[in-house]
Amino acid sequence: MRVTVVGSGYVGTTLAACLADAGHDVTAVDIDPDVVAAINDGHAAIHEPGLDDLLSEHAGDRLRATTEYESVPDADVTFLAIGTPSNEDGSIDLGALTAAAEMTGEALAGEGNGSGATPDDRHLVVVKSTITPPGVGAVREALHAGAGDAADRVELATNPEFLREGTAVDDFRHPDKIVFGTESEWATERLETLYEPLVAATDADVPVIRTDPETAVMIKYANNAFLASKISLSNDLGNICKRFGIDAYEVMDAVGLDDRIGAKFLRSGVGWGGSCFPKDVDAIRAAAREAGYEPALLDAAVAVNDGQPERMLELLDAHADVAGGRVAVLGLAFKPGTDDVRNSRAIPIIEGLQDRSADVVGYDPVAAENTRERFPDIEYADSAAAALDGASAALVVTDWDEFAALDDAFDAMADPVVIDGRRVIERRAGLTYEGLTW
Ligand code: NAD
């Protein structure tokens, strides 16, 4: 099939590369000429394992990138994979997505860069971006406004994406489920044909959910809200365990054996961050409120998450006065395997240390540069050992494997106080060690 993917970020580039690899003819569109040049050059503007291999294999052949919307009228399917960030109040900002939808519509009307459509043509535009149920109407409106007289030939569908940064290609190729939100059998069949080679390649029986566009996008929010809440509930229970001197991991390992609960996402600690959970939970809470419903449990999940960094700092206060002292923050990324620091728990931890007048030294194997944009004035060490050298305390914020093997590095600390927010450091003699929930 001929596919256009509008937006070439984490999701759009992964989608374009995987669809080309599955045998489709793909045009990737982005407003950023650097992103376009990189893809045509056979590599991605973002770091994702396996993505450059696919791009270098297919760029110039089944895959090309452009800043223009010219390929839209000839595409069998056009995807919109544009960012949907938060407004100040947490609600979803649909500005970039509706602008892209309108330009897509214009291309189909023949008013934009496109060559125009023939009257019997029917076009399918599929939203890959994460949007709220009321957002579906807003995107459809923008698309149809752009299409003008051609609007009745342009159909909107939704196909939410569940991939994770750091494992995007693998997640896209091996999904737990595929969700089609369509308004017609024609659109469903078109998406089924598009996905057929991908599903056939998985060796697994991937469940395909066929539903309407609003239900499909709600599945994505319910999914992320559930995962974020599962961690927050583990943290809430973990905080109770800590009060009673109980190891929350021993408790939750046993709890996870209940197959109604499952073993994943029960690791308590300093909380969730990143570009998706906070934004998506905030967006669905704001949309719920707008519709007159108070989402009490999701509000509590956010409140528990927001409180975890402060709990870590309180544990530090119980063991050390860090004013004027050197304090190491080990891990700056929101999770291991990425340089993404958006909503990283390291941010409130560093702010809390600065409030206590500590001299902060941060270390992360890949995320120091991104953190420097937010905190240009703290010290950045080249290794965890260098960060610990002379420090009066250390706080572990990201569970990078290398932190588990630090061993003798703690001996170089001025005062070996370690507050572990991720359960990666082993308790050992000579170390004043506090686990956040154990
Ligand atoms: P991103 O910010 O990495 O990429 C968006 C891209 O769109 C950018 O390259 C930008 O230049 C481009 N763009 C903006 N306006 C444009 C326009 N008018 N025309 C063409 N290109 C335009 O975003 P992302 O992380 O890929 O996320 C996209 C959507 O997918 C969001 O709704 C997000 O919530 C959702 N999502 C993201 C992930 C993830 O892990 N990143 C996972 C699942 C779903």
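1. Let's start with A405, which sits in the loop between β12 (393-396) and β13 (417-420). Helices and strands here are DSSP runs numbered from the N terminus, with at least four residues (H or I) for a helix and at least two (E) for a strand. A405 is exposed, at a relative accessible area of 55%; exposed means over 50%, buried under 20%, and partly exposed in between, with a 1.4 Å probe and protein chains only.

2. A word on what you are looking at. The model is predicted: local features need pLDDT of at least 70, side-chain atom pairs count only at pLDDT 80 or more, and totals for chains, interfaces and linings use all residues. Residues are numbered from 1 along each chain as its sequence is written, and side-chain values use heavy atoms, leaving out hydrogens and water.

3. Now to the ligand. There are 22 residues around it, of which V11, D30, Y69, T84 and K279 come nearest; a residue counts as near if one of its heavy atoms lies within 4 Å. This shell divides into 10 nonpolar, seven polar and five charged residues. In that count, Ala, Val, Leu, Ile, Met, Phe, Trp, Tyr, Cys and Pro are nonpolar, Asp, Glu, Lys and Arg are charged, and the others, Gly among them, are polar.

4. Taken alone, the ligand exposes 840 Å², and the protein buries 85% of that. Such areas come from the Shrake-Rupley method with a 1.4 Å probe; for residues, only the protein chains shown count as cover.

5. L233, L237, I240, F244, I246 and V251 make a nonpolar patch of about 530 Å². Helix α8 (residues 213-243) gives the largest share of this patch, three residues. I246 belongs to the loop between α8 and α9 (248-255), and is partly exposed at 37% relative accessibility.

Definitions and conventions:
Patches are made of residues with over 30% relative accessible area and no salt bridge: like charges are joined within 9 Å, nonpolar side chains (Val, Leu, Ile, Met, Phe, Trp, Tyr) within 5 Å. A salt bridge is a side-chain nitrogen of Lys or Arg within 4 Å of a carboxyl oxygen of Asp or Glu.
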